[in-house]
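Here is a short briefing on one protein chain and the two ligands modelled with it. Look over the sequence and the structure before reading on.

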Amino acid sequence: MRFSSISRQAIAWCVVIASACFLAANLIGQEKGKAKVTSSLFPKDGPTIPLGLVPLTFPEDNAYSPAKAELGWLLYYDPRLSSDGTVSCASCHHPKHAFTDGSDVSTGIKGQKGGRSAPTVINRGYGALQFWDGRAASLEAQAVGPIANSIEMTNEKDPAKAHSTCLDRLQASKEYRLRFKAVFGTEDFTIQHVGQAIATFERCVLSGNSPYDRFKAGDKKALSESQERGMNIFFSNNARCDSCHDGSAFTTNQFANVGIGMDKVSPDLGRFNITKREEDKGAFKTPGLRDIARTGPYMHDGSLKTLEDVVEHYSKGGIKNQWLHQDVRPLNLKPQDKTDLVAFLHALNGEGWQQFVAPKNLPK
Ligand code: HEC
Ligand code: HEC
């Protein structure tokens, strides 16, 4: 019959077209294959926010995408960011040490020591200004800093040269060129693109769901009795730790002089070096306290080795100096209070960040 011969022809055509589509899709897939997101670490709609943290906003000019976060993860762990191929971001901010380095001050290329302690990258997406003195306005701006820092990652004296040689090393990789093309639409990527990708990854490195968060969510057994007493001291009118360490990331992101290193002959003046305001002398950015039991030594100069040392420092009212913050004054904590406060700080150890270990392979 005529009708059935038409329909047979139609079916035949459909099969031909469908196969062609299938073949084309496969070819395109192969062409772009290496640029595809290969890891399940980065969900489609953004990082999973652990219990206790508030929602995270990504900047309008650097929106989240799984491919961008994954690219940032690769770059973060890639020693090709440094001129002699020995140092990556993770060298000083490693998951093994809750994204810091476990040292008082950091060691960069050729074993050079810097003057400050490496802060953790965990929950930095909640902070506006970056560095102990807040000299970087965003994670994007911060990320390109170490690449041009001659103590940390480069042999070059000139920052522009340091960035261009870093780009040369990355652009030598076909896979990086494909990945940057997929994310930013160009294989001729810039150092700003590198910073944007790394910042996107960093915003995924989160910590929540700690015993403290579970306690707050109603699980009254999540804290030990000592931790619960320590929590009450932390938020008390005497200790007032939360006047600076407040909010879901335990920081107001404000700067304060809590009397660290102020007995040195020429102390690090911190925030003052950036603002030149008298009241900022010896002031440093208030660090978040999540996973604090895992990120010692403490303070901008790594001068306090343990949480016991930190609590002792606050209990005696810090190191006296004319710019000391008013909330840092003798607290006269009893030995049991100190034990409890330290126990509470341990209850801020959380989870989320542990999944972001080094990638198995870096782009060839
Ligand atoms: C040689 C060690 C070293 C390397 C390599 C390094 N950092 Fe850091 N990082 C530090 C130190 C030390 C500081 C604090 C410096 C300061 O505040 O003056 C810091 C600060 C930061 C901060 C600010 C955190 C805060 O609380 O304000 C972020 C974010 C960061 N680094 C990310 C990175 C990224 C991304 C890379 C790779 C591009 C990187 N770091 C490479 C040692 C290092
Ligand atoms: C006036 C604001 C302020 C108050 C009050 C305050 N802190 Fe801090 N805290 C800071 C600042 C600023 C730093 C970093 C100081 C530096 O490195 O010079 C810091 C550092 C810390 C650190 C080390 C963080 C790290 O990553 O090295 C811990 C732990 C800490 N504070 C716990 C507490 C506890 C516990 C209390 C209450 C007894 C408290 N803080 C009260 C502002 C404050």
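What percentage of the 364 residues of the protein chain count as buried? The share is 38%. Keep in mind that this is a predicted model. The points below go from the whole chain to single residues.

**Overall layout**

- The protein chain has 12 helices and four strands.
- Its C-alpha trace spans about 100 × 55 × 30 Å along the principal axes.
- Take the contacts in the protein chain with a separation of 6 or more: 70% of them join residues 24 or more positions apart.

**Two domains**

- The chain is divided into domain 1, residues 60-206, and domain 2, residues 211-348.
- The centres of domain 1 and domain 2, taken over C-alpha atoms, are 28 Å apart.
- The two domains touch: 21 residues of domain 1 are in contact with 21 residues of domain 2.
- On the domain 1 side, the touching residues divide into eight nonpolar, nine polar and four charged.

**Nonpolar cores**

- In soluble globular proteins, nonpolar side chains tend to be buried together.
- The largest nonpolar core here has 39 residues. Within this core, L75, I198 and V205 touch the most other members.
- Helices α2, α4, α5 (159-171), α6 and α7 each give two or more residues to this core. The biggest contribution, six residues, comes from α2.
- I198 touches G72, L75, Y76 and A143, leaving out residues up to four places away in sequence.
- A second, separate core has 33 residues. Among them are C244, V328, L331 and A343.

**Helix α7**

- Helix α7 covers residues 191-202, 12 residues in total.
- From first C-alpha to last, α7 reaches 16 Å. That is close to the 16 Å expected at 1.5 Å a residue.
- Is α7 largely enclosed or largely open? Largely enclosed by the rest of the structure, because 10 of its 12 residues are buried.
- The buried residues of α7 include H193, Q196, I198, T200 and E202.
- These buried residues pack against α2 (66-76), α4 and α6 (174-184).

**Around ligand 1**

- Ligand 1 is surrounded by 26 residues. The closest are C89, C92, G108, F131 and W132.
- Two elements give two or more residues to this shell: α3 (89-92) and α4 (139-143).
- The shell holds 15 nonpolar, seven polar and four charged residues.

**Around ligand 2**

- Ligand 2 is surrounded by 25 residues. The closest are C241, C244, I260, Y298 and H300.
- Helix α11 (residues 307-315) gives the largest share of this shell, three residues.
- By class, the shell around ligand 2 has 17 nonpolar, six polar and two charged residues.

**Backbone features to look up**

- Most residues other than glycine have a negative phi, and most peptide bonds are trans. The next points are exceptions to look for in the model.
- F131 has a positive phi, near 80°. This residue lies in the loop between α3 and α4.
- F131 counts as partly exposed, because it has 19 C-beta neighbours inside 10 Å. A buried residue needs 20 or more.
- R240 also has a positive phi, near 50°. Its place is the loop between α9 (225-234) and β2 (255-256).
- R240 is partly exposed, with 17 other C-beta atoms within 10 Å.
- The peptide bond from G296 to P297 is cis, with omega near -5°. P297 sits in the loop between β3 (284-285) and α11.

**One strand residue: A256**

- A256 is in strand β2.
- Is A256 buried or exposed? A256 is buried, because 22 other C-beta atoms lie within 10 Å.
- Setting aside neighbours within four places in sequence, A256 is in contact with C244, A283, T286 and H325.
- A256 and K110 are 146 residues apart in sequence. In space they are 33 Å apart, C-alpha to C-alpha.

Methods:
Residues are numbered from 1 along each chain as its sequence is written. Chains are lettered from A and ligands numbered from 1 in the order in which they are written. A residue is near a molecule or strand if its C-beta atom, placed from the backbone, lies within 6 Å of it. Ala, Val, Leu, Ile, Met, Phe, Trp, Tyr, Cys and Pro count as nonpolar, Asp, Glu, Lys and Arg as charged, and the others, Gly among them, as polar. The expected span of a helix is 1.5 Å times one less than its number of residues. Two residues are in contact if their C-beta atoms, placed from the backbone, lie within 7 Å. A nonpolar core is a set of buried Ala, Val, Leu, Ile, Met, Phe, Trp, Tyr and Cys residues joined through C-beta atoms within 7 Å. Domain bounds come from an automatic or database domain assignment.
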